[in-house]
Amino acid sequence: MKNLKIVLLFVLAMIGQNLMAQAEVKKPAEVFEMYFGTFVKNDPAVLSKLNEYLKPTVEGQDAYQVDFKTVSAETLKTSTDGFLSAFSKSSGDSSRKEAEDYFTAMMDNFKNGKVTVKEVKIVQNEYVEDQKIAEITYSVSFKVPSKMPEGPSGDPKKIKAEELKKYLAESVQKFKNADKEVTTELQFSLYQLTEGGKIYYWNGGPDEIVTSLTDFYFESFGS
């Protein structure tokens, strides 16, 4: 009889675990990787998967609406314009293509960062009763140049187009042939939502991932 009770308890425990696993539509680590693929790698296919996953929680709508091509084009233009504004108009206009290549190579290395989920911890949300939070500890590795080329010296407004183009072209090659790997470890929170008896995970401010990683990335090669 004692052995039968032990078996029954074991079976009930297994059933309970299976029901809990079934309640989670996706594991927190998998959801985080979708957020990373969307907001760091800017992968439209991953964005589509993330929106499909979250649709039951937002009345069938897309939780995140992002046109990556438009955003990338605007970011490239803003970065290029800001950089070239430090130089004379003639040098800046002549070096626009090289400057665009420079920022494109720089951001390609950022988007190609490799992410690894190190730990997932489920904790109670101290501000919302009956809500759990998945605390994701993750690391990201980037390829960066161990040393950037020396930029033109002197008054930027007096730097010739040939000098600026040379510096930008050399920098592009440094990024394309990045010879150093840097790694950082961070945390990201995913909040539980229950819809239709199922558990979903989400975060309303996913740009936090990008902001944290951007600071680290740019400091890693002294730009």
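**Entry 1: T184**

I began with T184, which sits in strand β3 (residues 180-195). Helices (H or I, at least four residues) and strands (E, at least two) are DSSP runs, numbered from the N terminus. The model is predicted, so I noted that local features need pLDDT of at least 70, that side-chain atom pairs count only at pLDDT 80 or more, and that totals for chains, interfaces and linings use all residues. Residues are numbered from 1 along each chain as its sequence is written, and side-chain values use heavy atoms, with hydrogens and water left out.

Is T184 buried or exposed? T184 counts as buried, at 15% relative accessibility. Buried means under 20% relative accessible area, exposed over 50%, and partly exposed in between (1.4 Å probe, protein chains only).

Next I looked up what T184 touches. Leaving aside neighbours within four places in sequence, T184 is in contact with Y138, S139, V140, L213 and F216. Contact here means heavy atoms within 4.5 Å.

**Entry 2: Salt bridges**

I searched the whole structure and found 8 salt bridges. For each, a side-chain nitrogen of Lys or Arg lies within 4 Å of a carboxyl oxygen of Asp or Glu.

I looked at E24 and K27. Their side chains form a salt bridge at 2.9 Å, N to O. E24 is buried at 16% relative accessibility, whereas K27 is partly exposed at 45%.

Then I turned to K89 and D93. Their salt bridge spans 2.7 Å, N to O. Both residues lie in helix α5 (residues 89-94), 4 residues apart, about one turn of the helix. K89 counts as exposed at 65%, and D93 is partly exposed at 47%.

In helix α7 (residues 161-176) I checked E170 and K166, which are 4 residues apart, about one turn of the helix. The side chains of E170 and K166 meet in a salt bridge of 2.7 Å, N to O. E170 is partly exposed, with a relative accessible area of 32%. I also noted a network: salt bridges that share partners join K77, D81 and R96.

**Entry 3: The largest pocket**

How much space lies in the largest pocket? I noted about 570 Å³. A pocket is an open set of points on a 1 Å grid over the protein atoms alone, where a 1.4 Å probe fits, with protein on both sides within 12 Å along at least five of seven lines; lining residues have an atom within 4 Å of a point. The volume is the space filled by probe spheres set on the points, which are joined across faces, edges and corners.

I counted 23 lining residues, and N42, S72, T75, M107 and K111 lie nearest the centre. The elements that give two or more residues to this lining are α2 (28-39), α4 (68-84), α6 (96-111) and α8 (207-220). Helix α6 gives the most, with 7 residues.

I sorted the lining into 12 nonpolar, 8 polar and 3 charged residues. Ala, Val, Leu, Ile, Met, Phe, Trp, Tyr, Cys and Pro count as nonpolar, Asp, Glu, Lys and Arg as charged, and the others, Gly among them, as polar.

**Entry 4: Aromatic rings**

I found 22 aromatic pairs in the structure. One of them, F218 with F221, is tilted, at 5.9 Å centre to centre and 55° between the planes. Rings of Phe, Tyr and Trp (its six-membered ring) pair if their centres lie within 6.5 Å; planes under 30 degrees apart count as stacked, over 60 as edge-to-face and the rest as tilted.

F218 is partly exposed at 23%, while F221 is buried at 8%. Both belong to a cluster linked by ring pairs, which includes F83, Y102 and F216.
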